[in-house]
Amino acid sequence: MLLRPGGLDIFYIDESHDTKLYAVTAVTVPFLRQRDGAWHIVWPEYFEAAKAWRGRLKDRFKIPPAKELHGVKLGKGRGAYKYGQHQFGPDESVSVFKGILSEINFLPEASIFTVVGQRGGLLYGEERLTRVMNALFQRMRSQTYARGANAMVFFDQGHPEYRSAYRKAQKHLLTGSRLELGGARNLPLDMFVKDGNEKNSAFCHFTQIADLVAYAAFSRVKLERGLVDQEQ
């Protein structure tokens, strides 16, 4: 495999779900770019920006930089995030969550995207959860192809089914509808290098961003579909 002229990107993936809905988010971070005729590892620049983001959260919301961010805990006023010891009140937690998302402004344009699907049953002959992951992989491929880049993937720990789906997608990923002229085509993740990796989200700012966005999208769609229960 030759390195494509657009360089190399890393996708960090995490999800939010309940028994009804499933949301999965990918955060794209540039890793390798060509500048002035030479290849530069640019990932540390975004890592420093992510650390600065956590510093802003400490200043604005008193959330310690080492505290792992979980969308579901922040959204429901749990997790003892304030000074690492106290809970945010219900209204305060919503305001803080929105503020945290608004501070994620250091990634390139169109770096974050989410797919949401309803759980249970089959869709076009496949488990709906598989369809959601495949839809995410299709978007990842389209983005990487358009940039003329290669890519690799980090999943949050504890989801071997993701790595299995990713392995299949590197060889076989149907894109398009069978009902369209020409039908669905196999457009695999053949520009993606390496097997799917796992990352402990407690030590990864980018995976935590994916978790926050996934929960925000999950909550929004759940509200729009009238699936919000009393606990939510």
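These legends accompany several close-up views of a predicted model. Local features need pLDDT of at least 70 and side-chain atom pairs count only at pLDDT 80 or more, while totals for chains, interfaces and linings use all residues. Residues are numbered from 1 along each chain as its sequence is written, and side-chain values use heavy atoms, with hydrogens and water left out.

**View A. Helix 1 packs against helix 6.** Here helix 1 (residues 43-61) meets helix 6 (residues 205-224) at an angle of about 60 degrees, and their axes lie 10 Å apart. Helices (H or I, at least four residues) and strands (E, at least two) are DSSP runs numbered from the N terminus; axes are lines fitted to C-alpha atoms, for helices over the stretch in contact, and angles run from 0 to 180 degrees between N-to-C directions. The angle makes helix 1 oblique to helix 6, a class left over once angles under 35 degrees (roughly parallel), over 145 (roughly antiparallel) and 65 to 115 (roughly perpendicular) are set aside. Look for W43, Y46, F47, A50, K51, W53 and R54 on helix 1, in contact with H205, F206, Q208, I209 and L212 on helix 6; contact means heavy atoms within 4.5 Å.

**View B. The largest nonpolar core holds 38 residues.** A nonpolar core is a set of buried Ala, Val, Leu, Ile, Met, Phe, Trp, Tyr and Cys residues joined through side-chain atoms within 4.5 Å. Buried means under 20% relative accessible area, exposed over 50%, and partly exposed in between (1.4 Å probe, protein chains only). W53, I63, L69, I100, F106, F206 and I209 have the most contacts inside this core. Helix 6 gives the most to it, with eight residues. Leaving aside residues up to four places away in sequence, I100 touches W53, L57, F61, I63, L74 and L212. A second, separate core of 23 residues includes F113, M140, A165 and A169.

**View C. Helix 5 (residues 160-169) has buried residues Y162, A165, Y166 and A169.** These four sit on the same side of helix 5, because they cover an arc of only 100 degrees around the axis; the arc is that of the directions from the helix axis to the C-beta atoms. On the other side, P160 and K168 are exposed.

**View D. A80 and K194 have positive phi values.** Most residues other than glycine have a negative phi. A80, with phi of about 50 degrees, belongs to the loop between helix 2 (71-75) and helix 3 and is buried at 17% relative accessible area. K194, with phi near 70 degrees, lies in the loop between strand 9 (185-186) and strand 10 (197-199) and counts as exposed at 52% relative accessibility.
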